[in-house]
Amino acid sequence: KSSTELSPDAQQIVDQAAQAVRATHPDSVVIAAGTLTGDNMKLAEPRFTAVHQALVSHGVDTALIARAAIADAAEVGGSGDQRVEIRLVRKTP
C-alpha cells in the first residue's frame, strides 16, 4: 500500500479510535507519526493525512485533532516501517 492508503487493519483501528472518541469525549486526539532516524516529518505527512482524513470521515471533529511525532528510532517498527499512533488525551484539572 502507498503511504496514503490505510490497510484494512489500519481502517479497523481508525474505526475503533473514532468510536472511542465519540464514547469518551477527549480534549484532543493526537495523531503521532513515526519517523526514522535522520528523516524528517515530511516522510510522515502522508500517513498523518490519511489517518486525519479517516478520523474526520468517521465523525471526529477536525478541531480536536493535533499532530505529534514519534522521533525515537526505537519507537519505529522493527522492520523500519513508519507507524502512526492515535492518542486520546484528557487535560488534567
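**Entry 1: V14**

I began with V14 and found this residue in helix 1; helices here are DSSP runs of H or I with at least four residues, strands are runs of E with at least two, and both are numbered from the N terminus. The model is a predicted one, in which local features need pLDDT of at least 70, side-chain atom pairs count only at pLDDT 80 or more, and totals for chains, interfaces and linings use all residues. Residues are numbered from 1 along each chain as its sequence is written, and side-chain values use heavy atoms, with hydrogens and water left out.

I looked up the exposure of V14 and noted a relative accessible area of 2%, so V14 is buried. The classes are buried under 20% relative accessible area, exposed over 50%, and partly exposed in between, with a 1.4 Å probe and protein chains only.

I then listed the contacts of V14, a contact being heavy atoms within 4.5 Å. Not counting residues up to four places away in sequence, V14 touches L6, V51, A54, L55, H58 and I86.

**Entry 2: Helix 1**

I checked the length of helix 1 next. Its 17 residues should span 24 Å at 1.5 Å a residue, and the end C-alpha atoms are 24 Å apart, which agrees; the expected span is 1.5 Å times one less than the number of residues.

Which residues of helix 1 are buried? I found V14, A17, A18 and V21. Seen down the helix axis, these buried residues fall within an arc of 100°, so they line one face of helix 1; the arc is that of the directions from the helix axis to the C-beta atoms. On the face turned away from the buried side I noted the exposed residues P8, D9 and A23.

**Entry 3: H25**

I followed the chain past helix 1 to H25, which sits in the loop between helix 1 and strand 1. H25 has a positive phi of about 50° although it is not a glycine. Most residues other than glycine have a negative phi. The relative accessible area of H25 is 57%, so this residue counts as exposed.

As buried residues of helix 2 I listed F48, A50, V51, H52, A54 and L55. After helix 2 comes G59, with a positive phi near 95°.

At a relative accessible area of 33%, V56 is partly exposed. Leaving aside neighbours within four places in sequence, V56 is in contact with T62 and I65. V56 and A18 are 38 residues apart in sequence, and their C-alpha atoms are 8.6 Å apart in space.

**Entry 4: The core**

I asked which residues make up the largest nonpolar core. The twelve residues are V14, A17, A18, V21, V29, I31, F48, V51, A54, L55, V60 and I65. Helix 1 (8-24), strand 1 and helix 2 each supply at least two residues of this core. A nonpolar core is a set of buried Ala, Val, Leu, Ile, Met, Phe, Trp, Tyr and Cys residues joined through side-chain atoms within 4.5 Å. For V21 I noted contacts with P26, V29, V60, L64 and L88, not counting residues up to four places away in sequence.

I turned to S28, which lies in strand 1 (residues 28-34). Its relative accessible area is 19%, so S28 is buried. Apart from neighbours within four places in sequence, S28 is in contact with L64, R87, L88 and V89.

The side chains of E85 and R87 meet in a salt bridge at 2.5 Å, N to O. E85 is partly exposed at 21% relative accessibility, and R87 is partly exposed at 35%.

**Entry 5: The chain**

I counted two helices and three strands, in the order α-β-α-β-β from the N terminus on. Of the 93 residues, 27% count as buried. Of the contacts with a separation of 6 or more, 78% join residues 24 or more positions apart.

How values were computed
Salt bridge = Lys/Arg side-chain N within 4 Å of Asp/Glu carboxyl O.
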